[in-house]
Amino acid sequence: MSSPIQLKPDETFILNVGPQHPATHGVLRVKMEMNGEYIVNAETVIGYIHRMHEKMGELKTYPQFLMNLSRMDYLGALGYSHGHVLVVEKASGIEVPERAEYIRAIMVELNRIASHLFWFGAFVMDLGGFSPLMYALQDREHILDMLEAVTGSRLTYCYFRYGGLYNDVDDQFVASARKFIPRMRKSLKKYHKLVTGNVIFRKRLEGIAPLSKETCRKYGASSAVARGSGINFDVRKNEPYSVYPEFDFDIPVYHECDSLARYNVRMDEIEQSLRIIEQGLDKLPGGPIMPEKKPKIIKPPEGDYYQAVETARGSFGVRLVSDGGKTPYRLKLRSPTYSNMHLFDESCRGMLIMDALAFMGSLDLVIPEIDR
Amino acid sequence: MRLTLFNVVVAVIIAIAFAAVNAAYLVWAERRGAARIQRRPGPNINGPFGLLQPPLDGIKLMAKQLTIPGGADKILFIAAPVLAMFPAIMSFVTIPFSENIVAKNMNVGVLMIFAFAALGSTSLLFAGWSSRNKYAMMASIRAVSQTVAYEIPMLITTITVVMIAGSMDLMEIVHQQSGSILSWNIFPLFGRSHNILMPMSFLIFFTCTLAETNRAPFDLGEAESELVAGFHTEYGSMGFGLFFMGEYANIVIGSCMTTILFLGGWGCPFGLFPGVWWFIIKLYLLIATFIWIRWTFPRTTIYGLLNLSWKILIPLSLFNLLFTAGLLKVF
């Protein structure tokens, strides 16, 4: 739907969506120039909860900074620590025991499912359906309970250590994770019945906000935003890290480019994450969770290191420039939502406000991660 | 019954009490129903089953300060919530709950209820306009275009029923459907017209009631994920409370009309013991459906909503009107 009328500049009005608006799920402000219900121009304004994580990274020693990573994205915190831990290990040449790698993968995938579940609920709530949020939160609760039992916290985990893990998993965790997989599959079927097949839901997403491959590439979009537009890119497959090459899983790619495609990608990703967890639990080797040899003080040698990981929100990159000291010279955090969000300004022009906000929901924005 | 001042006062007081109690306890029912659907307990602390929640909410709302935003049109701002509640209460006066329980039966009862229902949309317009808030303005424009679009198919289906009954008197319409479920207007096998399309008419009427009362999935006037709180964004205190109660009172009116026009009023489905209890059962079953729909479906879009009315519901209801007219001529 696009506005059929050409307008003079004085015929529009400015609508401030946010920073406190139910649709932005956080303190994001969108300055919209509107013609009635049609958006003529939109400008996203960020920075309301900027906390200088990158600067803190330069000022703090490596172990001191570790807990900051999980404060970046409160829904999929483990993926972000994973990226940081991997780059520091790469830089200082720390060997990670195999068991630790497997447990990391299982944990990150569990966290990814939890994040997608929350997104699913919040997205359907953006479209006016409340009940799916409650169902999704109940399933997410099982994951949080499992993660809490092992990591000690429910949301902002500080579970990974340079070289391994803080805590080993026990039989109880393995048993409950095994029980969780069929339960989640059953719930997924229910969600597809309740939400995906709903006529109103499909009508609201089909053909809304088509994103071309070029747009996605131009803005550096990743995650479901890129994969919903037919770009087969997932860091876990394209630049494999950790133990991901040992798992058999698919990358869901849809070519419809609309909001429904992005929704479908994320729903399929839950299934793929379940497959990874299943295989991880089967293959889980014994052994230590921390390396025997590990430097007392982490001082990566001089150099420029980069590591990307696939978090729930897309490709998260950490660039570490070390001068050989106790603190990094520069720590650049490339957050995926930052790139995904900036698509919005260009793509929402000419859309109705309700379609635009549904589109914004399909981008899966987590604002603290943009502002970091 | 002679129309005395005393009678009128009593009737109005009963109507207000019925509307207010219904509105308050429908909020409770809605919250409990939503909680049941979402697998959580809902309000259960105050009183048994949380039954004291509505009066406590009312007290809380009344104790709040009524803030009027700067630059708002004061008169319209205060008039709007009253206008939201008033037509709903007035409509109760003409609704016959059973053979004897009716405040004032009129031979143009249908017309009066629709006249008051149309008045309701002005309150949305007033609220949106006077709030001086962009979200409220957009929401009220949406709500008014929606009400206009859905009043037409609703009226056309009502005319179909009126044609079958041959009267605009609500009592008379119910009398025409007396007997068992097969003579109700929804399955009129033994009724005056043998129109097999009446179930469709019922669905059209029910959909229009949903849209008229601004209920999900047609709650575009208060689409909270886009327009914050819609037309009552700027209202607090009892101003909000009146809008809220008005919405539920309108639901009751809509369900009453559906019961009278299509479900045989106070008639029993098996032709036994007709009475007010059947009316109440049908009424609350319909309201339960309202609640069930709200907590299951996502919201439609404004263009989807208008397309549904102008492209599907109006042609279908017009066709049914002609079809019924033809059948009435033949039989």
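These legends accompany a set of views of a predicted model with chains A and B.

Residues count from 1 along each chain as its sequence is written, while chains are lettered from A and ligands numbered from 1 in the order in which they are written. In this predicted model, local features need pLDDT of at least 70 and side-chain atom pairs count only at pLDDT 80 or more, whereas totals for chains, interfaces and linings use all residues.

**View 1. Chain A as a whole.** Let's start with chain A, which has 15 helices and eight strands. Here helices (H or I, at least four residues) and strands (E, at least two) are DSSP runs, numbered from the N terminus. Along the principal axes, the C-alpha atoms of chain A fill a box of roughly 70 × 45 × 30 Å. The radius of gyration of chain A is 21 Å, which agrees with the value near 21 Å for a compact globule of 372 residues; this radius is taken over C-alpha atoms, and the globule rule is 2.2 Å times the number of residues to the power 0.38. Of those 372 residues, 51% are buried. A residue is buried if 20 or more other C-beta atoms lie within 10 Å of its own, exposed if 12 or fewer, and partly exposed in between, with C-beta atoms placed from the backbone.

**View 2. Confidence along chain A.** The predictor's confidence in each residue is called pLDDT and runs from 0 to 100. Chain A has a mean pLDDT of 87, with 98% of its residues at 70 or more.

**View 3. A three-stranded sheet in chain A.** Look for the open sheet with the order S1-S2-S3 and antiparallel pairing. Its edge strands, S1 and S3 (38-45), each pair on one side only. Two strands pair if DSSP finds at least two bridges between them. Five bridges link S1(A) and S2 (residues 29-35) of chain A, and seven join S2(A) to S3(A). You can find Asn16(A) opposite Lys31(A) in S2(A), and Arg29(A) opposite Val45(A) in S3(A). S2(A) and S3(A) form a hairpin with two residues between them, and Gly36(A) in the turn has a positive phi of about 65°.

**View 4. Chain B and its helices.** Chain B has 10 helices and zero strands. Its radius of gyration is 20 Å, close to the 20 Å that the globule rule gives for 331 residues, so chain B is as compact as a globular protein of that length. Buried residues make up 46% of the 331 residues of chain B.

**View 5. Trp184(B) in its loop.** Trp184(B) is found between helix H6 (170-176) and helix H7 (198-212) of chain B. Trp184(B) is buried because 26 other C-beta atoms lie within 10 Å. Leaving aside neighbours within four places in sequence, Trp184(B) is in contact with Gln177(B), Phe262(B), Leu263(B) and Gly264(B). Being in contact requires C-beta atoms, placed from the backbone, to lie within 7 Å.

**View 6. Where the two chains meet.** In this view, 23 residues of chain B are in contact with 26 residues of chain A. Helix H5 (134-165) and helix H10 (302-330) of chain B each supply at least two residues of the side that touches chain A. H10(B) gives the most to that side, with three residues.

Notes. Contact = placed C-beta atoms within 7 Å.
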